[in-house]
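Thanks for coming. I will take a few minutes to walk through one structure, from the whole chain down to single residues.

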Amino acid sequence: MADKITVLIVDDIAETRENIRKLLQFEADIEVVGAARTGQEGIQLALETEPDVVIMDINMPDMDGIAATEAIRAKKPHIQIVILSVQSDSNYMRRAMLAGARDFLTKPPDIDDLTSAIRRAAEMAAQERNKVASMGGGASVGSGSQGGGFTSFLDGRIVPIYSPKGGVGVTTVTTNLAVALHTPDTPVVAVDANLQYGDLSFFFNEQSRNNVVDLAPRSAELDAEVVDDVLISHEASGVRILAAPPRLEQAEGVSAIEFSDILKYLQRNYAYVLVDTSKLLNDVTLAAFDVSDIVVVLATQDIPSVKNVRLFLDLSEALGLDRQRIMMAMNRYDKRRTITPEKVGENFKQEFASVIPMDEKLVVPAMDRGVPFLLQNKTHPVGRSVVALAQKLKEKIASLDEVEAEPAS
Ligand SMILES: Nc1ncnc2c1ncn2[C@@H]1O[C@H](COP(=O)(O)OP(=O)(O)O)[C@@H](O)[C@H]1O
Ligand SMILES: [Mg+2]
């Protein structure tokens with residue numbers, strides 16, 4: 001006998017989940033393999049169980065079913081989604097279809113409609129699976145069969161900001177780069193990897209008791225609810241923050257493996273996971289580099305900074321950090337100084353993606369008040385240079401994706 005059709009149910013209402021499960025329990029060829037209560041959980045379960053079909057609600061507290069559909073389809077295009085909703089207006093339907101949903105049923109569903117929609121979708125899933133298999137196994141999942149340039153949250157980028165010399169502006173740049181990159185479609189989480197002396201949350205004027213230590217013991221089995229509780233929400237910008245522990249001795253409570261597991265979890269839910277690193281190449285910093293897509297390295301126009309960046313670049317290959325994945329930015333640029341970005345760039349054999357001017361009038365008070373300067377002034381040179389850095393980062397990611405896609409096709 002052929003394999004059963006596997007089905008995942010995503011709905012925030014327990015009763016609905018139970019009703020659908022009951023409707024399907026007598027269908028010999030259909031097996032419910034899981035039920036999720038939120039969009040995020042649905043995405044996670046879909047990726048873990050890889051069902052043939054997902055029955056998806058639209059209105060859920062954390063994220064709507066359309067966004068969840070998009071996210072699942074972007075990562076696993078063979079999974080077919082049947083939307084189940086009280087709303088039956090054509091606008092919703094169109095959006096659901098654009099997101100890659102296969103079918104659309106209104107609540108409460110009729111058993112025949114439900115099972116025939118599932119069987120049709122399962123056929124499609126089987127075809128898609130075969131297509132992927134015939135393309136040659138490990139082919140990376142690209143844009144799938146969906147139109148549009150949707151990039152999945154689930155394929156978020158981990159980007160540590162690093163300087164081998166302290167006080168160069170790593171936290172300042174992480175903070176404002178996060179603000180520059182954040183949109184509702186490309187949510188950003190900023191993570192403090194400076195576990196002992198982390199001050200990232202202060203740059204957002206946020207002090208919460210919740211921090212990375214709350215996630216570390218559960219890092220292997222995180223779920224959306226717990227993570228959501230621990231992440232700080234910076235209302236003014238929309239950026240989420242994972243703070244460092246408030247006390248020095250608590251830093252011991254987070255291992256490198258736990259830390260990288262947390263980053264990898266966040267990557268599935270945020271378009272950008274920016275990491276504010278300490279200058280020490282300890283195991284937590286290295287863990288962040290290991291799972292990174294791009295590392296932004298900051299330099300300033302002084303000999304100690306240039307010397308340290310040089311040392312770091314010399315070691316980077318050995319750290320498994322290909323030069324392709326390093327972006328250089330200069331901070332605290334002062335045109336009166338003799339060490340110019342051009343000269344430093346030549347020395348590093350790499351141009352600066354952005355040169356951020358020194359601006360004590362804007363940057364320092366912004367830090368003192370805990371208001372990212374980019375929220376106050378985007379047109380000022382220092383703000384523009386951070387926006388430019390965000391743009392260069394996106395371009396770099398796109399170009400690395402292309403390089404990656406080439407040998408596969
Ligand atoms: N472009 C800039 N212009 C002026 N001051 C800056 C600039 N960038 C950072 N600073 C200041 O430099 C100091 C160190 O910045 P911070 O981001 O804490 O560095 P790090 O995280 O590398 O230790 C802070 O006082 C900050 O306000
Ligand atoms: Mg710092």
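I start with the overall build, go on to the cores, and finish with some individual positions.

Please keep in mind that this is a predicted model. The chain holds 16 helices and 13 strands. Its radius of gyration is 23 Å, close to the 22 Å that the globule rule gives for 409 residues, so the chain is as compact as a globular protein of that length. Along the principal axes, the C-alpha atoms fill a box of roughly 75 × 45 × 40 Å.

Buried residues account for 51% of the 409 in the chain. The chain exposes about 19200 Å², and 50% of that area comes from carbon and sulfur atoms. As for charge, there are 42 positive and 59 negative charges, and their mean positions lie 7 Å apart. One more figure concerns how the chain meets itself. Take the contacts between residues at least 6 apart in sequence: 75% of them join residues at least 24 apart.

Next, the cores. Which residues touch the most other members of the largest nonpolar core? They are V296 and L393, in a core of 39 residues. Helix α16, residues 381-408, gives the most to this core, with seven residues. Setting aside neighbours within four places in sequence, L393 is in contact with V159, L177, L181, I294, V296 and M327. So much for the largest core. There is also a second, separate core of 28 residues, and V189, L263, Y265 and V284 are among its members.

A residue worth a look on screen is L274, which sits in strand β10. Is L274 buried or exposed? With a relative accessibility of 0%, L274 counts as buried. Its contacts, again leaving out neighbours within four places in sequence, are V159, T174, L177, A178, L181, V188, V189, A190 and V191. Take A178 from that list: A178 and L274 are 96 residues apart along the chain, yet their C-alpha atoms are separated by 6.9 Å.

For a distance across the model, Y270 and E50 are 220 residues apart along the chain, and their C-alpha atoms are separated by 21 Å.

The peptide bond that joins K107 and P108 is cis, with omega at about -10°. P108 lies in the loop between β5 (103-106) and α5 (111-134).

The other two places concern phi. N205 has a phi near 55°, a positive value in a residue other than glycine. This residue is found in the loop between α7 (200-203) and α8 (212-215).

R332, however, is placed in a strand, namely β12, residues 326-333. At a relative accessible area of 33%, R332 is partly exposed.

Conventions:
Residues numbered from 1 in each chain as written. Chains lettered and ligands numbered in written order. Predicted model: local features only at pLDDT ≥ 70, side-chain atom pairs only at ≥ 80, totals over all residues. Heavy atoms only, no water. Helix = DSSP H or I, 4+ residues; strand = E, 2+ residues; numbered from the N terminus. Rg over C-alpha atoms; globule rule 2.2 N^0.38 Å. Buried < 20%, exposed > 50% of the residue type's maximum accessible area, 1.4 Å probe, protein only. Contact = heavy atoms within 4.5 Å. Areas by Shrake-Rupley, 256 points an atom, 1.4 Å probe, with all protein chains shown as cover. Lys, Arg positive; Asp, Glu negative; His and termini not counted. Charge placed at Lys NZ, Arg CZ, Asp CG, Glu CD. Core = buried A, V, L, I, M, F, W, Y, C linked by side-chain atoms within 4.5 Å.
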